[in-house]
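Me: I have a structure to go through, and I would like to know what stands behind each label. Could you take the terms with me as they come up?

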Amino acid sequence: MRKVYLLLAASLLTTAAWAQLFNNNGADIYVTDGGFMIVKTNSLANNLVGGNGVINNQGTIVVEGDITNNGNVVASGDTIRLSGNWVNNGGYTGANSWVDMYGGNQDIAGTAVTTFNNLNLGGGASVKRQQNIDAVTSGILALNDAELATDANEMLVSNTAAAAITRTNGYVSSVGAGKLSRATNTASAYLFPTGSPSYNNPPSIFRPIDFTPATAGANTYGAMVVKGDATSDRYDVTTVDDLLCAVNPNFYHKLYQSAGTDASALQMYYDAATDGNWSDQAHWDSPNQWNNLGTATAGNGLGFNTVSVAAVSDFTPEPFALARRKFTVDAGPDVDLVQGQSTTFNPTISTTDIASYAWTPSTALSCDDCEGPDASPNTTTQYTLLVTDNGGCAVSDSLIVRVTALELLIPTAFSPNGDGNNDKFRVLNRDVEKLTLQIFNRWGEKVFETTDPLSGWDGM
């Protein structure tokens with residue numbers, strides 16, 4: 001068995017260099033603790049020949065190109081840095097080690113799933129690391145400012161620590177059935193820094209989500225965000241249950257639970273300035289409509305507005321979105337008026353987030369775009385109030401103003417017997433403002449006079 005031992009000291013890093021292409025051709029390569037192996041300007045190929053082809057790294061390997069592993073890479077407390085693609089067709093064991101992808105756009109590819117221990121995506125902002133295969137991170141996934149594009153694949157962070165993903169402005173994008181998955185074992189908030197792909201429908205958006213499991217049980221949740229109207233994906237945002245009036249047309253999430261049975265609280269993040277105002281969450285479910293997820297709580301975090309709901313346990317099917325719950329409008333009770341009278345409307349509305357009022361018809365109203373106009377119709381009229389909130393939800397209700405023509409109500413008889421019923425002769429209208437009532441006997445003599453509308457003649 002051929003073995004190559006690399007014992008280069010750290011002080012030799014600036015002068016130590018291998019040729020442009022390094023192919024071990026089945027030789028075992030050992031880099032001891034404190035040693036460096038540098039492949040300048042090109043790639044490293046670890047090929048399996050005759051059962052041999054192991055890279056055992058306990059130091060630092062720097063490759064200024066691709067790494068193609070067709071054999072086995074065994075790492076322990078080390079670092080592998082590369083500026084090209086990671087192509088794994090063999091075995092990789094990374095015990096307390098780092099793979100540092102520091103170049104521009106790079107791929108995670110090959111035929112074998114890599115379980116990274118710690119994966120660092122350097123290289124600055126506006127760079128993309130794209131998976132062509134599923135991958136696992138068992139330690140820390142450091143996104144920094146990079147986009148990790150899982151494409152239609154999965155990146156599973158199996159480290160159950162809530163802080164297992166770190167970032168500055170980096171995010172994870174996916175398409176199709178791709179997703180970022182995280183294993184959990186605490187009742188803590190787990191951030192899923194999801195965004196839309198920069199290469200699919202730019203400009204991309206960053207819209208994360210938090211899962212907070214109900215218990216410390218073992219669970220695995222997954223998430224991705226889809227930019228654009230869910231209607232184009234057959235999830236019609238206008239098809240909602242009786243509690244909802246609108247679903248976010250700007251983006252939606254696909255959420256998964258691939259292991260465990262614990263319910264989880266969900267916190268969605270959004271930018272009110274560009275996404276609009278949202279108060280609730282919805283799940284696309286039976287019978288093929290968006291259904292309200294329950295009582296929601298507003299908040300903020302990461303520079304966003306947030307909407308949170310508790311105890312979500314059904315993740316099938318996978319679409320979830322921000323939504324707005326219908327508010328209620330009660331225009332008020334019906335009103336009875338005598339012709340010439342007026343009334344003031346006093347509607348009851350369950351929200352203060354109101355963009356406009358519209359009363360129809362506007363006939364005999366002091367205003368038709370205010371909350372409580374004065375109304376003085378001459379005929380019976382049904383008025384309808386349409387209230388629109390700042391999210392575009394519109395709810396209406398109606399009332400009827402019944403108008404009675406002005407008539408003087410005078411009885412043709414009365415019974416002044418002191419029994420408390422019809423003991424006085426008087427005008428019965430209750431809305432008389434000015435009155436002179438005079439009673440004359442048959443000889444034309446005035447026997448009674450009053451100007452009090454509530455007073456009357458007792459027959460004396």
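Reply: Gladly. Let us begin with burial: a residue is buried under 20% relative accessible area, exposed over 50% and partly exposed in between, with a 1.4 Å probe and protein chains only. This is a predicted model, where local features need pLDDT of at least 70, side-chain atom pairs count only at pLDDT 80 or more, and totals for chains, interfaces and linings use all residues. Residues are numbered from 1 along each chain as its sequence is written, and side-chain values use heavy atoms, with hydrogens and water left out.

Me: Why is Cys-393 called buried?

Reply: Its relative accessible area is 2%, which is under 20%, so Cys-393 is buried.

Me: How many disulfides does the whole structure hold, and what pattern do they follow?

Reply: There are two, and with bonded cysteines counted along the chain the pattern is 1-4, 2-3. Cys-367 is joined to Cys-370, S to S 1.7 Å, and the torsion of about 60° makes that disulfide right-handed.

Me: What makes the pair of Trp-86 and Phe-116 tilted?

Reply: Rings of Phe, Tyr and Trp (its six-membered ring) pair if their centres lie within 6.5 Å; planes under 30 degrees apart count as stacked, over 60 as edge-to-face and the rest as tilted. For Trp-86 and Phe-116 the centres are 5.4 Å apart and the planes are at 55°, so the pair is tilted. Trp-86 belongs to strand 11 and Phe-116 to strand 15 (residues 114–116), 30 residues apart. Both Trp-86 and Phe-116 are buried.

Me: How do you know that strand 8 and strand 11 pair?

Reply: Two strands pair if DSSP finds at least two bridges between them. Three bridges join strand 8 (residues 67–69) to strand 11 (residues 86–88), so these parallel strands pass. Trp-86 returns here, as the bridge partner of Ile-67. Both strands belong to an open sheet of nine, with parallel pairing and the order 2-5-8-11-14-17-20-23-26. Strand 2 (22–23) and strand 26 (194–195) are at its edges because each has a single partner strand.

Me: Why does Lys-179 count as sitting over the ring of Tyr-256?

Reply: The rule asks for NZ of Lys or CZ of Arg within 6 Å of the ring centre and within 35 degrees of the ring normal. Lys-179 lies over the face of Tyr-256, at 4.8 Å from the ring centre. Arg-442 lies over the face of Trp-443 too, at 5.7 Å.

Me: And what makes Asp-28 buried?

Reply: Its relative accessibility is 4%, so Asp-28 counts as buried. Asp-28 is found in strand 3 (residues 28–31).

Terms used. Helix = DSSP H or I, 4+ residues; strand = E, 2+ residues; numbered from the N terminus. Disulfide = S-S within 2.5 Å.
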